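Thanks for coming, everyone. Let me put the structure up, and then we'll go through some contacts.

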Amino acid sequence: MTYDLLIVGGGINGTAIAREAALNGRSVLLVERDDLASHTSSASTKLIHGGLRYLEYYEFKLVAEALRERERLVHAAPHIIHPMRFVLPHDGARPWWFLRAGLILYDLLGGRMSLPRSRGLRASDTDLCAPLKDAARGFVYSDAWVDDSRLTLLNALDAAANGAEIATRTALVSARRAGDVWQARLSDGRDVVARGLANAAGPWVAETIGLLGVNARSGVRLIKGSHIVVPRLFEGDQAYILQQPDGRIVFAIPYERDFTEIGTTDVPVDRPEDAAIDADEIAYLCEAINRHFKAQIGPGDVRSTWSGVRPLYDDGASEAKAVTRDYVLEVDAHGPALLSVFGGKITTARHLAEEAIGKLAAPMGFAARRVTRDRAFPGGDTGPFDAFLADVRRRWPFLGEARSLRLARAYGTMLHDMLRNIDDETALGAAFGAGFTEVEARWMHDREWACTPEDALMRRSKIGLHLSAEERAAFESWWANAYPR
């Protein structure tokens, strides 16, 4: 079969390019050898942000672009993206005036925005300061939280709804140029033809270039970022951005109601497969918290971890923390077009995809349109989220407060399709614990490409954090019986 565009990689950049291409009327095949968002795109700090700390490295263009995207995204996916206040204590690591000037610049680069602007901590901000050892001075500013793996999924869902084929558990085995097309072989045994190829393989971008037998001008540096999850350290829905003696910053963010997410580290690695936290990283993150919070933690408090290898564009920076988070799109038009993605981040993926399709348009012979700037993601047409949640609770009162909030956040208006024929608790089917039921698990399998229990419990949701070992085992047994492989 012949496609306009073959995309390698089912992370945030690959799925965003698939969405942009499909909405531009292109026939698209996306292949991902594992699950969607199974690597870096489910291992971020889970923020939609401009990157306050990037101002120190004069990344003004990147920050301004990211802040514009932040404003678009909070309106396009209000179910999985929501504003969050960040408390920045002043501990002397950087001068007070320096931080204030940076926050003023951060607000200005954002232009007109719906999120509250930064301000100094007030004497009345006792709820924000209470968890901290010493916060006589500091600041409050705004960014947004995102369910990163579901944002990746929503890109894929929108692409598929507009004609793209999403093939998970399918690897690119080989590809070569043949006249004006790419001839590719896939791990599912298919031979396909494509007029253009987009290499969005993330940490494996260089490996994929080697597979294609072409040379790249750009390089990639692999930087591991690790996070830990501990029992909740503070009340409230605010997050904290904590300055460290080495010049880095560490976030402490409310996570899954009962937990606090802490991260990230910056550790150079040699291979994409080196995405595993080590004891030194756990100690570093615990010390970062203990330096600032009254509540003290140790390695024994860690309930979960995740690590991702970020494929950062190699700009020659000497330190991992200073490597640019901007991206480079390299087009090889010596024959059918090849676009390779170096770098990028969750916040700027939509913009990256728009630029990628713009770069592919001329060599592939079509006119690109900007089609996603004001487009809601699937489930994102909720209107004001609080009003939408109230409507969900009126329609399905048996869900209860906690479960209705989780489902409304995860699915937005798609929840109306999931629960269309559900009138009471028993119609939800088997109960697996923590409000997770059969109707949702089957939705994940049938509509969201979930193929394994892990896909359902930790990427389509984070419900696995709330299940006991026995409940997880029971769900895995149910899944194996429902979907034998």
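Which residue forms a salt bridge with D455? It's R169, with the closest N and O atoms 3.0 Å apart. Keep in mind that this is a predicted model. Now, where do these two residues sit? D455 is in helix 13, residues 453-459. R169 is in the loop between strand 7 (165-168) and strand 8 (172-178). The two are 286 residues apart, so this pair links distant parts of the chain.

Buried or partly exposed? D455 has 0% relative accessibility, so it counts as buried. R169 comes in at 30%, so R169 counts as partly exposed.

How many salt bridges does a search of the whole structure find? The answer is 40. Let me show you two others.

Take R190 and D188. Their closest N and O atoms are 2.9 Å apart. R190 is partly exposed, at 26% relative accessibility. D188 is partly exposed too, with a relative accessible area of 40%.

Next, K224 and D278. Their side chains meet in a salt bridge at 3.8 Å, N to O. K224 lies in strand 11, residues 220-231, and D278 in the loop between strand 15 (267-268) and helix 7 (279-292), so the bridge ties together parts that are 54 residues apart in sequence. K224 is buried, at 4% relative accessibility. D278 is partly exposed, with a relative accessible area of 32%.

Some salt bridges share partners. Those join D35, R169, D455, R459 and R460 into one network.

On to helix packing. Helix 1, residues 12-23, packs with helix 5 at an angle of about 25 degrees, and the axes are 8 Å apart. Angles under 35 degrees count as roughly parallel, so that is what we call helix 1 and helix 5. The crossing is left-handed.

Who meets whom? From helix 1 we have I12, T15, A16, A18, R19, A22 and L23. They meet L151, T152, N155, A156, D158 and A159 in helix 5. That contact divides into eight nonpolar residues, three polar and two charged.

Last stop, helix 10, residues 401-411. Which of its residues are buried? They are R403, S404, R406, L407, A408, A410 and Y411. What do they pack against? Helix 5 (148-161) again, plus helix 9 (385-395), helix 11 (415-418), strand 20 (436-437) and helix 12 (438-447). Just after helix 10, look at G412: it takes a positive phi of about 55 degrees.

Technical notes. Residues numbered from 1 in each chain as written. Predicted model: local features only at pLDDT ≥ 70, side-chain atom pairs only at ≥ 80, totals over all residues. Heavy atoms only, no water. Buried < 20%, exposed > 50% of the residue type's maximum accessible area, 1.4 Å probe, protein only. Helix = DSSP H or I, 4+ residues; strand = E, 2+ residues; numbered from the N terminus. Contact = heavy atoms within 4.5 Å. Axes fitted to C-alpha atoms, helices over the stretch in contact; angles between N-to-C directions. Parallel < 35°, antiparallel > 145°, perpendicular 65-115°, else oblique. Left-handed = near helix turned anticlockwise from the far one by under 90°. Nonpolar A, V, L, I, M, F, W, Y, C, P; charged D, E, K, R; others polar. Salt bridge = Lys/Arg side-chain N within 4 Å of Asp/Glu carboxyl O.
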